[in-house]
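Here's a quick tour to read with the model open beside you. Take it one topic at a time and find each residue as you go.

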Amino acid sequence: MSNHSLPWQSVWLTGASQGIGLALAEALAQQGVTVCASARNEEALQALARRSRLWSGKVVAYPLDITDSSAVAETLVQIEVEQGLPQLVIFNAGSHHPTPATRFQSDEVRQLLELNVMGTCHCLEAILPRYIQHNTGHIAVVASLAGYRGLPSAAGYGASKAALNNLLEALAIDLYHTDIRLQIINPGFVRTPLTDRNAFPMPFLMEPEQAAAAIIHGLQSGRAEIRFPRRFALLMGLLRLLPAGLYRYLIARATGYDRAV
Ligand SMILES: NC(=O)c1ccc[n+]([C@@H]2O[C@H](COP(=O)([O-])OP(=O)(O)OC[C@H]3O[C@@H](n4cnc5c(N)ncnc54)[C@H](OP(=O)(O)O)[C@@H]3O)[C@@H](O)[C@H]2O)c1
């Protein structure tokens, strides 16, 4: 028997092999939840599943490349057969690489959109008909505060995360009359293999365990948007209200992009 304190028996989580997703899988399984963990790195998922035997919940590995829509559909069928329909899905898998204007490559932007946007859409396409059929379910998608407005060297990443914010908002309105809950998660900087590549200073940097705790708290709050850390999210929220010219000036100055290098 698991000592259940969280409202979900089972969760499907993508991007569970490292970073925020790994911390989230650990925290959920340690609190009694069955985590159906997806990512491409099967070895990492199996290692996590083995470690979870000591916890009150468990992790079951469902290796998956979310850019393959058929594989996504097949994985959800397998999860449903083996674990039942998850009450909560967290579509967290995503990536980032810089796409500065000085070496702008459409292929690099396409890769980010294929993973961050289309990969997430494949997952949504699989889960939505089931939740709509049962008029129940909880969907959370990890975007980023970087989706609020343009940031230097992040045209591709920012566009993908802005797209996810808009996409989830539209779906939430479509499903407003149902008992299906949709939440968008917009984190600030979190220390993970993804941000370990960043050479610039990252304000309000959080540990993945803190991010996982903020996400679990936010998921239970029912808020349409889960954003953290609070002060950075507030700052980014205020910057979103500025006129375009003033915003460009302030960000260029703050990041040194107002000077030729
Ligand atoms: N770290 C931050 O500061 C930050 C801030 C805001 C938002 N975010 C967002 O939070 C999410 C997680 O970021 P993170 O920092 O934890 O990144 P990360 O350490 O690079 O982890 C990304 C996860 O996504 C998985 N993934 C990548 N490509 C995949 C694919 N094609 N199919 C299935 N899974 C795939 C990776 O596993 P495999 O390689 O094994 O497939 C990994 O588990 C991302 O959506 C990111 O944009 C991060």
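Predicted model: local features only at pLDDT ≥ 70, side-chain atom pairs only at ≥ 80, totals over all residues.

How far does a polar side-chain atom of tyrosine 157 lie from an oxygen atom of the ligand? The gap is 2.7 Å.

**Around the ligand**

- Taken alone, the ligand exposes 880 Å², and the protein buries 93% of that.
- There are 29 residues surrounding the ligand, and the closest are Ser17, Arg40, Tyr157, Val190 and Thr192.
- Arginine 40 also has a polar side-chain atom 2.7 Å from an oxygen atom of the ligand.
- With asparagine 92, it's a backbone N or O atom that lies 2.8 Å from an oxygen atom of the ligand.
- Helix 1 (19-30) and helix 5 (155-174) each give at least two residues to the shell around the ligand.

**Salt bridges**

- Side chains of opposite charge can pair when their charged atoms come close.
- Search the whole structure and you get 7 salt bridges.
- One of them joins glutamate 80 and arginine 130, with the closest N and O atoms 2.8 Å apart.
- That pair ties together distant parts of the chain: glutamate 80 sits in helix 3 (residues 69-83) and arginine 130 in helix 4, 50 residues apart.
- Is arginine 130 buried or exposed? Its relative accessible area is 18%, so arginine 130 is buried, because buried means under 20%.

- Arg253, Asp258 and Arg259 are linked in a network of salt bridges.
- Within that trio, arginine 259 pairs with aspartate 258, and their closest N and O atoms are 3.3 Å apart.
- Arginine 259 counts as exposed because its relative accessibility is 55%, and exposed means over 50%.
- Aspartate 258 has a relative accessible area of 39%, so aspartate 258 is partly exposed.

**Helices worth a look**

- Why does the length of helix 8 (residues 244-255) make sense? At 1.5 Å a residue, its 12 residues should span 16 Å, and the end C-alpha atoms are 16 Å apart, so the two values agree.
- The expected span is 1.5 Å times one less than the number of residues.
- Over in helix 4 (residues 106-134) you'll find aspartate 107.
- The side chain of aspartate 107 makes a polar contact of 2.6 Å with the side chain of arginine 110.
- Aspartate 107 has 48% relative accessibility, so it counts as partly exposed.

**A nonpolar patch**

- Which residues form a nonpolar patch on the surface? They're Leu234, Leu238 and Leu241, with about 340 Å² of accessible area together.
- To get your bearings, look for leucine 234 in helix 7 (residues 230-239).

Methods:
Residues numbered from 1 in each chain as written. Heavy atoms only, no water. Helix = DSSP H or I, 4+ residues; strand = E, 2+ residues; numbered from the N terminus. Buried < 20%, exposed > 50% of the residue type's maximum accessible area, 1.4 Å probe, protein only. Polar contact = N/O pair within 3.5 Å; in protein donor to acceptor, adjacent residues only side chain to side chain. Salt bridge = Lys/Arg side-chain N within 4 Å of Asp/Glu carboxyl O. Patch = residues over 30% accessible without salt bridge, like charges linked within 9 Å, V, L, I, M, F, W, Y side chains within 5 Å. Areas by Shrake-Rupley, 256 points an atom, 1.4 Å probe, with all protein chains shown as cover. Near = heavy atom within 4 Å.
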